[in-house]
Amino acid sequence: QYLNTALKLEPKMSDIWNNMGIIQRRVSRPDLAEASFKQAVNLNYYNNNAISNLSKAIYNNGESAKAEKLQKRVTNYRKKNPYHRYANAKVAFGTKKYHLAQYELEEAIRLKGDEVAFFKLSSKIHYELGNKQKTAGSLSMISLLNAKKGSARSSLEIHHPGKTIIN
């Protein structure tokens with residue numbers, strides 16, 4: 001009901017069509033879902049959530065070659081998206097796969113080297129790997145980036161479960 005109202009108000013908003021498709025898929029209307037995902041992609045060629053959902057819908061309809069082509073497009077986009085790489089690093093860190101987390105985060109930093117959150121996670125990863133020098137380097141980058149943004153703190157705290165690493 002709310003999505004129908006939203007579509008009446010903003011019929012050219014790709015994300016609304018994508019959300020409509022998700023609801024349609026959940027209520028077992030794959031035909032309508034696919035049409036909604038197509039509309040979302042037609043409205044915004046770069047809506048990777050809609051492209052991914054369309055790929056799944058097409059795959060479920062037996063068109064695996066088309067679905068694979070769309071999914072490759074999404075995968076290529078995600079590889080170039082520093083925030084996706086950061087999200088992967090957080091998941092890897094949470095499951096104690098520190099080397100994988102480090103790899104994903106290094107890619108995120110290579111793509112966008114001025115994101116404080118990336119260096120906060122980097123310091124935690126290097127701490128877990130026992131690399132004090134790289135931990136300190138990440139903490140220095142946090143201070144530098146905060147200073148550049150005009151929001152430097154007088155003290156920097158990085159918490160590890162039950163411990164304060166640096167004050």
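This is a predicted model: local features need pLDDT of at least 70, side-chain atom pairs count only at pLDDT 80 or more; totals for chains, interfaces and linings use all residues.
I take helix axes as lines fitted to C-alpha atoms over the stretch in contact, with angles from 0 to 180 degrees between N-to-C directions.

**Entry 1: helices α4 and α5**

I start with α4, residues 48–60, and α5, residues 64–79. Their axes lie 8 Å apart. The packing angle is about 155°. Angles over 145 degrees count as roughly antiparallel, and α4 and α5 are therefore roughly antiparallel to each other. I note the hand of the crossing as well: α4 passes α5 left-handed.

Next I list who meets whom. From α4 I get Asn-48, Ile-51, Ser-52, Leu-54, Ser-55, Ile-58 and Tyr-59. Facing them in α5 are Ser-64, Lys-66, Ala-67, Leu-70, Gln-71, Arg-73, Val-74, Tyr-77 and Arg-78. Sorted by class, this contact holds eight nonpolar, five polar and three charged residues.

**Entry 2: Ser-52**

I then look up its contacts, leaving out residues up to four places away in sequence. Ser-52 touches Gln-71, Val-74 and Arg-78.

**Entry 3: helices α3 and α4**

I move to the other helix pair on my list. Helix α3 spans residues 30–43. Its axis and that of α4 come within 9 Å and cross at roughly 145°. This crossing, α3 past α4, is left-handed.

On the α3 side the contact uses Glu-34, Phe-37, Lys-38, Ala-40 and Val-41. On the α4 side I read Ala-50, Ile-51, Asn-53, Leu-54, Ala-57 and Ile-58. The classes come out as eight nonpolar, one polar and two charged residues.

I check which α4 residues turn up again.

**Entry 4: positive phi**

Most residues other than glycine have a negative phi. I look for exceptions and note two.

Ser-28 has a phi near 60°, a positive value in a residue other than glycine. Where does Ser-28 lie? I place Ser-28 in the loop between α2 (14–26) and α3. Its relative accessible area is 57%. Exposed means over 50%, so Ser-28 is exposed.

Lys-96 is not a glycine either, yet its phi is positive, about 65°. I find Lys-96 in the loop between α6 (82–94) and α7 (98–111). With a relative accessible area of 63%, Lys-96 is exposed.

**Entry 5: Lys-120**

I turn to helix α8, residues 116–128, which holds Lys-120. Lys-120 has a relative accessible area of 31% and is partly exposed. I also take a C-alpha distance here. Lys-120 and Thr-135 are 15 residues apart along the chain, and their C-alpha atoms are separated by 9.3 Å.

**Entry 6: the whole chain**

I finish with totals. How many helices and strands does the protein chain have? I count nine helices and two strands. In sequence order the pattern reads α-α-α-α-α-α-α-α-α-β-β.

The chain has 167 residues, and 35% of them are buried. It exposes about 10,800 Å². Carbon and sulfur atoms supply 53% of that area. Among contacts with a separation of 6 or more, residues 24 or more positions apart account for 40%.

Conventions: Residues are numbered from 1 along each chain as its sequence is written. Side-chain values use heavy atoms; hydrogens and water are left out. Helices (H or I, at least four residues) and strands (E, at least two) are DSSP runs, numbered from the N terminus. Buried means under 20% relative accessible area, exposed over 50%, partly exposed in between (1.4 Å probe, protein chains only). Contact means heavy atoms within 4.5 Å. Accessible areas come from the Shrake-Rupley method with a 1.4 Å probe; for residues, only the protein chains shown count as cover. Angles under 35 degrees count as roughly parallel, over 145 as roughly antiparallel, 65 to 115 as roughly perpendicular and the rest as oblique. A crossing is left-handed if the near helix is turned anticlockwise from the far one by less than a right angle, and right-handed if clockwise. Ala, Val, Leu, Ile, Met, Phe, Trp, Tyr, Cys and Pro count as nonpolar, Asp, Glu, Lys and Arg as charged, and the others, Gly among them, as polar.
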